[in-house]
Amino acid sequence: MITGIIFTLILLGGLYYFVYYPNQKLKRIRSSPVLEVDGASTRYPNLPLGDLGVFFESNANRRIRVVFPKLTPDGDVQYIYSWHDLRFIRIPTSRGSGQGGINLKIAQELAFLMKEHIQFVEPEILSLRRQWHKINELLELVATSDFYASQQEIYERALLQVENLLDKAEELQQVYVRFIREVLIGRQIAGYDPTLLLSDSVTIDHQYKRIREEYQDMKDTATAYAELLRTRQF
């Protein structure tokens, strides 16, 4: 009887430790914009935010992909994409006004901008570049045709609209990169003089919202481009 109870308790404990707890932890991680990874700053030296990074994705093996922002020697922003076992991931909590608290505050400010940049801006630019090359190829092909020559104008207009969209998307990307770079530079400086850390009102600029809206408006009104998207597979 006692043996059966002990076995049941061990079984329940095993199910909790190996199944329920990891699944609950993974669920919390997926909903957390900022994560702490044990040993990240050792694996990747000179990370401005230490072991803190931004959640990117998880896989079926319960491994977590985290993005760490970093400044290059030239002052450019670099993203380090890194996979980690669930055991080494934690959700950071408030750490007061010390260096750890500064890192967490900055990571929380950067999380939204980084995700927007990675998940929206960069894919848009890559897609537009592919579409520009495809439309340009079709335009050159149509220009040599007697039968399809009448469609040349729509391809020319579509190409121009894609060029304008690409310019605006790249402008938007520069805004994101500039904000992220300035925040990381501010973090480096704050390591020597915390009073120089930018306030929220300075750090979180909303210029990106205006340019993002301008980009979406341009995309919505790109009639020739939209017509090609409906009738062609790029």
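This is a predicted model: local features need pLDDT of at least 70, side-chain atom pairs count only at pLDDT 80 or more; totals for chains, interfaces and linings use all residues.

Q: Which residues line the second largest cavity?
A: Its lining consists of Val-54, Phe-55, Phe-56, Val-67, Met-114, Lys-115, Ile-118 and Gln-119.

Q: How many helices and strands does the chain have, and in what order do the elements run?
A: There are 7 helices and 5 strands. Starting at the N terminus, the order is α-β-α-β-β-β-β-α-α-α-α-α.

Q: What is the order of the strands in the sheet?
A: Strands of a sheet pair through backbone hydrogen bonds, either parallel or antiparallel. Here the 5 strands form an open sheet in the order β4-β3-β2-β1-β5, and the pairing is antiparallel. The edges are β4 (77-85) and β5; each has a single partner strand, so one side of each lacks a neighbour in the sheet.

Q: Which strands does β1 pair with, and over how many bridges?
A: β1 runs antiparallel to β2, to which 3 bridges join it. It also pairs with β5 (residues 89-90), again in the antiparallel sense, over 2 bridges. Glu-36 illustrates both pairings: it stands opposite Leu-52 in β2, and its bridge partner in β5 is Arg-90. Leu-35, for its part, faces Gly-53 in β2.

Q: Are the faces of strand β1 covered or open?
A: Both faces of β1 (residues 34-37) are covered. Val-34 and Glu-36 on one side are buried, as are Leu-35 and Val-37 on the other.

Q: How many bridges join β3 to β2 and to β4?
A: β2 and β3 run antiparallel and are joined by 4 bridges, with Val-66 in β3 as the bridge partner of Phe-55. Between β3 and β4 the antiparallel pairing extends over 9 bridges, and Ile-64 stands opposite His-84 in β4. As for burial, β3 is mostly covered, with 7 of its 9 residues buried.

Q: Which residues take a positive phi in the hairpins?
A: In the hairpin of β2 and β3, which has 4 residues between the strands, Arg-62 takes a positive phi near 60°. In that of β3 and β4, with 5 residues between the strands, Gly-75 has a positive phi near 90°.

Q: Which residues touch the most other members of the largest nonpolar core?
A: In this core of 45 residues, they are Leu-110 and Leu-128. At least two residues come from each of β2, β3 (63-71), α3, α4 (152-190), α6 (207-220) and α7 (223-231). The largest contribution is that of α3, with 17 residues. Another core, of 14 residues, lies apart from it and includes Ala-40, Leu-47, Val-66 and Leu-86.

Q: What is Leu-128 in contact with, leaving aside its neighbours within four places in sequence?
A: Its contacts are Val-162, Leu-165, Leu-166, Ala-169, Tyr-215 and Tyr-225.

Q: Is Glu-124 buried or exposed?
A: Glu-124, which lies in helix α3, has a relative accessible area of 16% and therefore counts as buried, the cut-off being under 20%. Not counting residues up to four places away in sequence, Glu-124 touches Tyr-215 and Lys-219.

Q: How accessible is Arg-30, and which residues does it touch?
A: Arg-30, in helix α1 (residues 2-30), counts as partly exposed at 46% relative accessibility. Beyond residues up to four places away in sequence, Arg-30 touches Phe-55 and Ser-58. The C-alpha atoms of Arg-30 and Phe-56 are separated by 8.5 Å, although these residues are 26 apart along the chain.

How values were computed
Residues are numbered from 1 along each chain as its sequence is written. Side-chain values use heavy atoms; hydrogens and water are left out. On a 1 Å grid over the protein atoms alone, a cavity is a set of points where a 1.4 Å probe fits but cannot get out, and a pocket is an open set with protein on both sides within 12 Å along at least five of seven lines; lining residues have an atom within 4 Å of a point. Buried means under 20% relative accessible area, exposed over 50%, partly exposed in between (1.4 Å probe, protein chains only). Two strands pair if DSSP finds at least two bridges between them. A nonpolar core is a set of buried Ala, Val, Leu, Ile, Met, Phe, Trp, Tyr and Cys residues joined through side-chain atoms within 4.5 Å. Contact means heavy atoms within 4.5 Å.
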